[in-house]
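I opened a notebook for this chain. Here is what I looked up, in the order I looked.

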Amino acid sequence: MSPFQTPLKITQRLRPSLSAGLAVALLISILLNLVALGGQLKTLLRREKSYTYVGDDFPRELPIKLREVNMLVHDDPDHFGMEDTAEWNAIRPKQGGYLFLGDAYYAYGVSMWHQMHCLNHIRHVLVSGDDGSDHIAHCFQYLRQGILCAADTTLEWGGPGRELSSGEIVATGDNIVHKCRDWKQVYDYMENNVDHWTKDNFDREEQPSHGSNNRSVEHGRNPLL
């Protein structure tokens with residue numbers, strides 16, 4: 001056998017395996033390109049829904065994408081005490097957490113600030129006494145449903161309670177990190193919205209609601225929800 005035949009035979013033996021390898025590589029390349037193309041098409045086709053903000057044609061939530069943040073939940077004796085009225089009143093953004101959206105500038109409230117208002121109202125009643133209205137009953141119901149809606153499932157170590165140095169048994173949950181949505185984004189968004197209000201917006205913000213935006217169109221005015 002001639003020594004010159006050896007490389008040829010080796011090449012012939014390697015040729016099928018090389019062909020199979022190239023085929024696999026080509027298939028993988030095609031699949032990766034298809035995935036990339038699909039992602040690009042999805043991005044191009046995914047358009048944000050536009051709303052008229054008339055009647056029921058408005059988004060369920062504030063139209064911003066919120067970051068996830070970690071928040072350490074802990075007792076803070078230096079802030080937001082029962083009688084720290086100024087701090088409690090300042091926690092909500094300008095105009096109490098209302099904003100105007102859409103080309104027609106319809107007024108909306110945001111649930112987060114409604115809940116904070118209710119918590120502050122309950123605090124005020126505990127400090128100053130019942131004002132005789134049905135507001136506190138509404139606030140208890142609103143906060144109860146808001147807590148159930150959020151369904152925070154953060155685990156709190158310590159069992160049913162922990163003992164303080166005074167011997168008092170209190171609920172666990174202090175110094176536990178919760179995964180939250182960035183409330184500061186909401187605050188800044190609403191502050192910016194108020195910065196663009198006109199005199200008419202400020203006047204209408206003081207008006208009570210008379211029903212849905214459909215009715216406001218019929219009567220030519222924009223209520224707060």
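My entries follow, from the whole chain down to single residues.

**Entry 1: ground rules**

I am reading a predicted model, in which local features need pLDDT of at least 70, side-chain atom pairs count only at pLDDT 80 or more, and totals for chains, interfaces and linings use all residues. Residues are numbered from 1 along each chain as its sequence is written, and side-chain values use heavy atoms, with hydrogens and water left out.

**Entry 2: confidence**

I checked pLDDT, the predictor's confidence in each residue, from 0 to 100. The chain averages 80, and 78% of the residues score at least 70. Residues 211–225 stay under 50. The model still gives that stretch 39 contacts beyond four places in sequence; a contact means heavy atoms within 4.5 Å. Where pLDDT is low, the predicted coordinates should not be read in detail.

**Entry 3: the whole chain**

I took helices (H or I, at least four residues) and strands (E, at least two) as DSSP runs, numbered from the N terminus. I found 7 helices and 6 strands. Along the sequence they run α-β-α-β-β-α-α-β-β-β-α-α-α.

Next I looked up burial: buried is under 20% relative accessible area, exposed is over 50%, and partly exposed is in between (1.4 Å probe, protein chains only). Of the 225 residues in the chain, 22% are buried. Among contacts with a separation of 6 or more, 62% join residues 24 or more positions apart.

**Entry 4: the cores**

I looked for nonpolar cores, meaning sets of buried Ala, Val, Leu, Ile, Met, Phe, Trp, Tyr and Cys residues joined through side-chain atoms within 4.5 Å. The largest has 11 residues, including Tyr53, Leu62, Leu99, Trp113 and Met190. β2, β3 (106–109) and α5 each give at least two residues to this core. Which element supplies the largest share? It is α5, with 3 residues. Another core lies apart from this one; it has 6 residues, among them Ile122, Val125, Ile136 and Cys139.

**Entry 5: helix α4**

I moved to α4, residues 135–150. Its 16 residues reach 22 Å from first C-alpha to last, close to the 22 Å expected at 1.5 Å a residue. The expected span is 1.5 Å times one less than the number of residues.

Which residues of α4 are buried? They are Ile136, Cys139, Leu143 and Gly146. Seen down the axis of α4, the buried residues fall within an arc of 85°, so they line one face of the helix. The arc is taken from the directions from the helix axis to the C-beta atoms. What covers these buried residues includes α3 (111–128). The face turned away from the buried side carries the exposed Leu148 and Cys149. After α4 comes Ala151, with a positive phi near 45°.

**Entry 6: helix α5**

The buried residues of α5 include Val186, Tyr187, Met190 and Val194. What do they pack against? The partners are β2, α3 and α6.

Glu191 sits in α5. Glu191 is buried, at a relative accessible area of 17%. Beyond its neighbours within four places in sequence, Glu191 is in contact with Pro93 and Lys94.

**Entry 7: Arg92**

Arg92 lies in the loop between α2 (85–90) and β2. Is Arg92 buried or partly exposed? At 24% relative accessibility, Arg92 counts as partly exposed. Leaving out residues up to four places away, Arg92 touches Trp113, Met116, His117 and Tyr187. Arg92 and Trp113 are 21 residues apart in sequence and 6.4 Å apart in space, C-alpha to C-alpha.

**Entry 8: aromatic pairs**

I paired rings of Phe, Tyr and Trp (its six-membered ring) if their centres lie within 6.5 Å; planes under 30 degrees apart count as stacked, over 60 as edge-to-face and the rest as tilted. That gives 8 aromatic pairs. Phe100 and Trp197 form an edge-to-face pair, 4.8 Å centre to centre with 80° between the planes. Phe100 lies in β2 (residues 98–101) and Trp197 in the loop between α5 (183–195) and α6 (199–205), so the pair ties together parts that are 97 residues apart in sequence. Phe100 is buried at 2% relative accessibility, and Trp197 is buried at 9%. Ring pairs also link Tyr51, Tyr53, Phe58 and Tyr108 into a cluster.
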